[in-house]
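Here is a colleague's note on the model below. Please read it with the coordinates open.

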Protein chains: 2
Amino acid sequence: MRFQAPESLSEQIAQHLGQRIISGQLSPGERIQELKVAGELDVSRGSVREALLILERRHLIEIFPRRGAVVSQLTPDLVNSLYDIYIELLCMLGRTALERWSGPELSGMMNQINELQSLIGGSRNGTTDSTETIIEAGFEVMRRAYRLVDNPFLQETLENFKPAVSRTYYVALENFRGELSETERFFRQVADAVACANSQELEASIRAFGEHQRRQVLSILAPNNSQ
Amino acid sequence: MRFQAPESLSEQIAQHLGQRIISGQLSPGERIQELKVAGELDVSRGSVREALLILERRHLIEIFPRRGAVVSQLTPDLVNSLYDIYIELLCMLGRTALERWSGPELSGMMNQINELQSLIGGSRNGTTDSTETIIEAGFEVMRRAYRLVDNPFLQETLENFKPAVSRTYYVALENFRGELSETERFFRQVADAVACANSQELEASIRAFGEHQRRQVLSILAPNNSQ
């Protein structure tokens, strides 16, 4: 793999390493060595260093004075803190979108939900290939809502949490066979609430699904948690 | 003024420039020239460039491809977006602190509120010298709550919005004589709600004061708003 387009080189490196952390190819506690990454990707050490700072801001790694960069642990405390704020902000996003818009303006979101549902259907009969595709399609629904709500602060905050949240979704989808049906059910509820412009129902669905995912992720972490 | 301690040099430059934007010494639309700042502060251009990226993340400046860095406008849309998410997160912070803690654990917050009240009293009879001192003491109450809630994601998000919010507080306190009494009244309500461990009352007070400040700031922007 080669990297180009100098202006966003460190962002590209961050995306590449980030995806490996999210999908579990790089494990919690594993060291990421600047020099080694620079050699493997044929980029400068400075670009890797910048990429590591980006990943630190996205909570995927921690940087220690002597040890350098290490993939962050997915501890119960971290998962709880993340879900506490993420659920709150998603509720705000959904509620605000429905309070401000209705009917035709919501069609972009509805189309994206249909798209996601058919991807999940495809996954069940083997035509959708990856967990990653489904997770990305889910985030795409959120991005449609950004356009309606048009709050750059909210958007930026949710985007900033996306990598850490993706990592937990990945864990849930890879470990629980039933998660695909749960995800499908959740988005059907979202579609219903949007169709009826019922912001309370939407908020309740987001909260319930968020809490469900939190429990799934915590249940996987529990046996390995040595804190 | 000279800057030292290389590891956080760009952070120091960002704080210095940020404070000048918050207090209105640098006006919306004003250009910040890398080379000029580097010369004035006797630091490298690279450090200034990094500081400008920090200020962009804090929403105090915008960086344009050719024009470079410009102090961001305080538009009604920006103020509304900021207050929408900030009020929501402050409510979450207050609610969570009261749901998880009571009595002695809340004394740090109570002491800080008393401290703030006496600063406001001092300001009225001329012994507290600056708007900045009062704003900082207000944020210090928020920081006491961080320790109780212990959610690094929430803390980081609120801290990230702090400069942009400070800027609007500054505008309100400098333009409205009555704001000091309003601020005093708000913190008395906070102290009462904390003393009774009433998280609903706390949330209602935060929301009401947040909306009051939003209106104040918007009323100042309205006449100059040429959008």
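The points below cover the basis of the model, its domains, and the contact between its chains.

1. Basis. This is a predicted model: local features need pLDDT of at least 70, side-chain atom pairs count only at pLDDT 80 or more, and totals for chains, interfaces and linings use all residues. Residues are numbered from 1 along each chain as its sequence is written, chains are lettered from A and ligands numbered from 1 in the order in which they are written, and side-chain values use heavy atoms, with hydrogens and water left out.

2. Domains of chain A. Chain A splits into domain 1 (9-71) and domain 2 (76-221). The bounds come from an automatic or database domain assignment. Taken over C-alpha atoms, the centres of the two domains are 27 Å apart.

3. Domain contact. Ten residues of domain 1 of chain A touch eight residues of domain 2 of chain A (contact means heavy atoms within 4.5 Å). The two domains bury about 840 Å² between them, with 60% of it on carbon and sulfur atoms. Buried area here is the accessible area (1.4 Å probe) that two parts lose on being put together, summed over both. A:Ile22, A:Arg58 and A:His59 supply 53% of what domain 1 of chain A buries against domain 2 of chain A, more than any other three residues.

4. Symmetry. How is chain B laid on chain A? A turn of 180 degrees and a shift of 0.0 Å along the axis do it, with an RMSD of 0.0 Å. The superposition is by least squares on the C-alpha atoms of residues with pLDDT of at least 70 in both copies. The two copies are thus related as by a two-fold rotation axis. In chain B, the C-alpha nearest the axis belongs to B:Thr157, 3.6 Å from it. Both copies use the same surface: 100% of the contact residues of chain B recur in chain A.

5. Chain interface. Here 21 residues of chain B are in contact with 21 residues of chain A. The chains bury about 1,800 Å² between them, 63% of it on carbon and sulfur atoms. B:Ile85, B:Glu88 and B:Phe153 supply 33% of the area that chain B buries against chain A, more than any other three residues.

6. Charged pairs. Four salt bridges are counted between chain B and chain A. B:Asp84 and A:Arg100 meet in a salt bridge (3.2 Å, N to O). The side chains of A:Arg95 and B:Glu88 also meet in a salt bridge, at 3.3 Å, N to O. A:Arg95 lies in helix H4 (residues 76-100) of chain A and B:Glu88 in helix H4 of chain B, so the pair joins two chains. Helices (H or I, at least four residues) are DSSP runs, numbered from the N terminus. Over all chains, the whole structure has 32 salt bridges.
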